[in-house]
Amino acid sequence: SLTINRVWRAFVRERADNRCEYYQMPALYSSAPFQIEHIWPQAQGGEDNEDNAENLAFSCANCNGSKGAATAGIDPLTGDNYSLFHPRRQDWNEHFCWSADFITLLPKTPIGRATIARLQINRESASNLRRILALAAQHPPQ
């Protein structure tokens, strides 16, 4: 179980600019509390301590739940298995970009495709929220 204290939770949240590290949605607009998630899951040897903040990401409940203990996903274009996006070790802009209307997260790489598919980032509820936030000039992140 996650034994991270309030100070470390705040650190992880602030490092992420209070946004889901997988698709940049602000926690402020979520109907469910965001979570501190293990990038490399405990079930696969990921550390659960304050000395390894590199293994922790700030995540919306949907991304964390969809990711589960996975570290890889299927690229829907090729059917091949790829590692999921790692927020500490990879540049978000290298793997993702927004559609012209900012509603759909688009992949730039197989890692991006596998991550979007596995985490269901373009699910209807998330797309609808992005549509509303874009109209209110609250999305995408600046």
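Tutor: Just after α4, Gln-120 takes a positive phi of about 55 degrees. Helices (H or I, at least four residues) and strands (E, at least two) are DSSP runs, numbered from the N terminus. This is a predicted model, in which local features need pLDDT of at least 70 and side-chain atom pairs count only at pLDDT 80 or more, while totals for chains, interfaces and linings use all residues. Residues are numbered from 1 along each chain as its sequence is written, and side-chain values use heavy atoms, with hydrogens and water left out.

The helix α4 itself is largely enclosed by the rest of the structure, because seven of its 10 residues are buried. Buried means under 20% relative accessible area, exposed over 50%, and partly exposed in between (1.4 Å probe, protein chains only). The buried residues of α4 are Ile-111, Gly-112, Arg-113, Ala-114, Thr-115, Ile-116 and Leu-119. Their cover includes the helices α2 (61-67) and α3 (92-95), together with the strands β3 (72-74), β4 (81-83), β5 and β6 (105-107); contact here means heavy atoms within 4.5 Å.

A nonpolar core is a set of buried Ala, Val, Leu, Ile, Met, Phe, Trp, Tyr and Cys residues joined through side-chain atoms within 4.5 Å. In the largest such core, of 28 residues, those touching the most other members are Cys-20, Tyr-22, Tyr-23, Phe-58, Cys-63, Leu-105 and Ile-121. At least two residues of this core come from each of β2 (56-59), β5 (96-98), α4 (110-119) and α5. Leaving aside neighbours within four places in sequence, Cys-20 is in contact with Met-25, Phe-34, Phe-58, Ser-59, Cys-60 and Cys-63.
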